[in-house]
Amino acid sequence: MSEFSLDLNEEQRDLRDWVHGFAAEVVRPAAAEWDEREETPWPVIQEAAKVGLYGFEFLVTCFGDPTGLSLPIASEELFWGDAGIGLSIFGTSLAVAAIYGSGTPDQLVEWVPQCFGDPESPAVAAFCSTEPEAGSDVGAMRTRATYDEARDEWVLRGQKAYATNGGIAAVHVVTASVDPTLGSRGQAAFVVPPGTPGLHATRKLRKLGLRASHTADVFLDEVRVPGRCLLGGRDALRDRLDRARSGQRASGQAAMRTFELSRPTVGAQAIGVARAAYEYALDYARTRIQFGRPIIENQAVAFALADMKMEIDAARLLVWRASWMGRNDKPFAAGEGSMSKLKAGEVAVAVTEKAVQLLGGAGFLRDHPVERWYRDAKIYTIFEGTSEIQRLVIARAISGVQVR
């Protein structure tokens, strides 16, 4: 087990500086253009692939860090550059994480390379879980998967909502109910290979923020996939369903733990957005002259910036703690994963709003990036579990009561 330390080692500092350099030199200069175009920034994704920032090898390196800090460090720096482009680059990792977490070694070898493509022709992947009537209420999922034994195929029917890279992905990972009577315990995940008939998507949804990241609803109309596309395999699914039907408890609420483990990384993304806004507002306050002096000499402005910095650092500490705990198999006895995402998301909203306020009328204009960061920040109190759901997770963890 790795010792917990706030002193980054040489590899972590090198990673931070490398990703920051890419964010500063490649991502940030392109951010306004792709936000305005509301299109997937394929040239930037390709550049990330060429330098080694986009690909399974990069994720393996980050996951290999025994402290658990490499991925949140890289996420913060990339999303400091731009959240929309950052999600276009890191969005594929959601599907990869699902394959890695539930799939067999053979499935990992077969499907993960197809998620990324290659540097000359990069691809993206999509994780499709949320539905119009099943967001926070995972047990309400209506997408169904039935097995056609004669053809050794699974047939998927249903609709997914708000899927990052939905429709443009080479590989879609889709969650579906195999036995609706078991609720969330009767669900499984399936790989939908490239070009599979029956999967189609809406046009790209137009969003408040993260406009460079592709989001769409995905429809599954009698989508047939080979039996080997069931992640984990049929024997493992049969055993799991049998345990659920016999009333046995789920082992450690695996689905909830998976969400908890991913939340610190999302929190790190929010911190990157918040830090970008804070740094910009700080520089502006130093140079903006009103009443014959820089506005930072006014106590109200200086105190606001002090609060922004304090809140960002506090959120980062929660993210790092949860990341270290998750990597070293420490139980989230108080919902520490949810704490980190909740705090970071709400800090991002508060800090970016204050940055707009400190810039005054200039902050409301697209001439300054704070208005874009303000729009981007809001999603962090919504996706990967709303703030209300995070509080519910924490409340249940600390009380032992099934709070509703």
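Does V192 count as buried or exposed? Select V192 in this predicted model and you will find it in strand β7, which spans residues 187-192. V192 counts as buried because its relative accessibility is 1%, and the cut-off for that class is under 20%. Now show what surrounds it: leaving out residues up to four places away in sequence, V192 touches L156, A170, V171, H172, V174, L199, V223 and V225. For a sense of scale, draw a distance from V192 to G363: the two are 171 residues apart in sequence, and their C-alpha atoms lie 44 Å apart.

**Next stop: G198**

Move along to G198, in the loop between β7 and β8 (199-201). G198 is partly exposed, with a relative accessible area of 25%.

**Next stop: T215**

T215 sits in strand β9 (residues 215-226). It is buried, at a relative accessible area of 8%. Which side chain makes a polar contact with the side chain of T215? Show K207, and the distance to look for is 3.2 Å. Apart from neighbours within four places in sequence, the residues in contact with T215 are Y162, A163, R203, K204, L205 and K207.

In soluble globular proteins, nonpolar side chains tend to be buried together. Here the largest nonpolar core has 104 residues, and L78, I89, V173 and L305 are those with the most contacts inside it. Helix α9 (residues 254-287) gives the largest share of this core, 13 residues. Then zoom in on L78: not counting residues up to four places away in sequence, it touches V19, F22, A23, V27, L53, G86, I89 and F90.

**Next stop: helix α5**

Three of those contacts, G86, I89 and F90, take you to α5, where they are among the buried residues. How many residues of α5 are buried? The count is eight of its eight, namely A83, G84, I85, G86, L87, S88, I89 and F90. At the start of the helix, look for a side-chain oxygen of D82, which reaches to within 3.2 Å of the backbone nitrogen of G84.

**Last stop: two backbone angles**

D152, in the loop between β4 (144-148) and β5 (153-164), has a positive phi of about 50° although it is not a glycine. D152 is partly exposed, with a relative accessible area of 40%. Then pick F291, in the loop between β10 (289-290) and β11 (293-294). Its phi is near 55°, again a positive value in a residue other than glycine. F291 is exposed, with a relative accessible area of 84%.

Definitions and conventions. Residues are numbered from 1 along each chain as its sequence is written. This is a predicted model: local features need pLDDT of at least 70, side-chain atom pairs count only at pLDDT 80 or more; totals for chains, interfaces and linings use all residues. Side-chain values use heavy atoms; hydrogens and water are left out. A nonpolar core is a set of buried Ala, Val, Leu, Ile, Met, Phe, Trp, Tyr and Cys residues joined through side-chain atoms within 4.5 Å. Buried means under 20% relative accessible area, exposed over 50%, partly exposed in between (1.4 Å probe, protein chains only). Helices (H or I, at least four residues) and strands (E, at least two) are DSSP runs, numbered from the N terminus. Contact means heavy atoms within 4.5 Å. A polar contact is a pair of N or O atoms within 3.5 Å; within protein, one must be able to donate a hydrogen and the other to accept it, and residues adjacent in sequence count only if both atoms are side-chain atoms.
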